[in-house]
Number of protein chains: 2
Amino acid sequence: MLEDTSLRMTRQRRVILEELRAVTSHPTADEMYEMVRRRLPKVSLGTVYRNLEILAESGVVLKIDVGGTKKRFDGNVAVHHHLRCVACGRVDDVELDPGVDLEALAAARTDYDILRHRLEFVGVCPACKAKEG
Amino acid sequence: MLEDTSLRMTRQRRVILEELRAVTSHPTADEMYEMVRRRLPKVSLGTVYRNLEILAESGVVLKIDVGGTKKRFDGNVAVHHHLRCVACGRVDDVELDPGVDLEALAAARTDYDILRHRLEFVGVCPACKAKEG
DNA sequence: GTCGTTGCAAACGGTTTGCACCGTC
DNA sequence: GACGGTGCAAACCGTTTGCAACGAC
């Protein structure tokens, strides 16, 4: 992936990408900062932000914005959807084939050129269900 | 709607709600502030934020978060989906029946209790298509 | 050696909040 | 008259940016 691009491969960038890919938790930028800091204690938060942005722009990772205030990042760029817990904010993956071409349906009802879509579910995760009883 | 709730009806709150309902443009909080200020020149931005929050919490209006930095608000609480222009940021409505129960599909693939979902399309609006040629 | 990248710290922008006064109920 | 709402300004918090030193190519 990254290997195919013309991005300069600094130690910071490599570690950020490795850490993001090692995890399925859709971390926020500051969670990434903590993860990366374990391996590169002198890394700066600005570097984490800059690299996540660059990696997202080049399509190597996904920037996701599932409601809430903070942006989250995803090392899995395959098509999939997200599930956010209203109680704790965690974001999980859900693979789901609607069986219909949603973008085609939308295109038929508007003059926009449709580029992509986002389908996100909001609910209560198993852990929070247990807590709430 | 608001009439059914126990909310105290101040002049500011009434004007905010009227202005939001008079429009289909999904304004941001500061756009609402400008709209309301034409009728109540002394209104404060904090009041606009507080009331939009309260109205959204009580289900009288919709708070929408279609990517981008600023939250937007929608006086139309009927089920519908949104279409965001990547070029200018405008948000339009699109009514669309996927013909399948997306939440049921998702529920079958997860242990979350699913409460709701968001389906949003991203594209280029007619005006920006024209500009871009 | 070049020029993109880093660490640092300060700035930014949208949103929230503490407070004393005000107005709805 | 009580108590929720208001205006104002300052605080907040996630993110971005200017800058001089650094390091990948």
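Biologist: How many salt bridges are counted between domain 1 of chain A and domain 2 of chain A?

Modeller: This is a predicted model, in which local features need pLDDT of at least 70 and side-chain atom pairs count only at pLDDT 80 or more, whereas totals for chains, interfaces and linings use all residues. Residues are numbered from 1 along each chain as its sequence is written, chains are lettered from A and ligands numbered from 1 in the order in which they are written, and side-chain values use heavy atoms, with hydrogens and water left out. A salt bridge requires a side-chain nitrogen of Lys or Arg within 4 Å of a carboxyl oxygen of Asp or Glu. Between domain 1 of chain A and domain 2 of chain A, the count is zero.

Biologist: How many residue pairs are in polar contact across that interface of domain 1 of chain A and domain 2 of chain A?

Modeller: A polar contact is a pair of N or O atoms within 3.5 Å; within protein, one must be able to donate a hydrogen and the other to accept it, and residues adjacent in sequence count only if both atoms are side-chain atoms. With both residues at pLDDT 80 or more, the number of pairs across this interface is seven.

Biologist: Which elements give two or more residues to the side of domain 1 of chain A that touches domain 2 of chain A?

Modeller: An automatic or database assignment sets the domain bounds, giving domain 1 (1-76) and domain 2 (79-133) in chain A. Contact means heavy atoms within 4.5 Å, and eleven residues of domain 1 of chain A meet nine residues of domain 2 of chain A. Helices (H or I, at least four residues) and strands (E, at least two) are DSSP runs, numbered from the N terminus. On the side of domain 1, the elements concerned are β1 (62-64) and β2 (72-74) of chain A.

Biologist: Which residues of chain A lose the most area to chain B?

Modeller: Buried area is the accessible area (1.4 Å probe) that two parts lose on being put together, summed over both. Between chain A and chain B about 3,300 Å² is buried, and carbon and sulfur atoms give 62% of this. Together accounting for 22% of what the side of chain A buries, the residues are Tyr112(A), Arg118(A) and Val122(A).

Biologist: Which element gives the largest share of the side of chain A that touches chain B?

Modeller: Across the interface of chain A and chain B, 16 residue pairs are in polar contact, both residues being at pLDDT 80 or more. At least two residues each come from β3 (81-85), β4 (91-94), α4 (102-107), β5 (113-124) and α5 (126-132) of chain A. With twelve residues, the largest share comes from β5(A).

Biologist: Which residue of chain A forms a salt bridge with Arg118(B)?

Modeller: Side chains of opposite charge can pair when their charged atoms come close. Four salt bridges are counted between chain A and chain B. In one of them, the closest N and O atoms are 3.4 Å apart, and the partner of Arg118(B) is Glu120(A).
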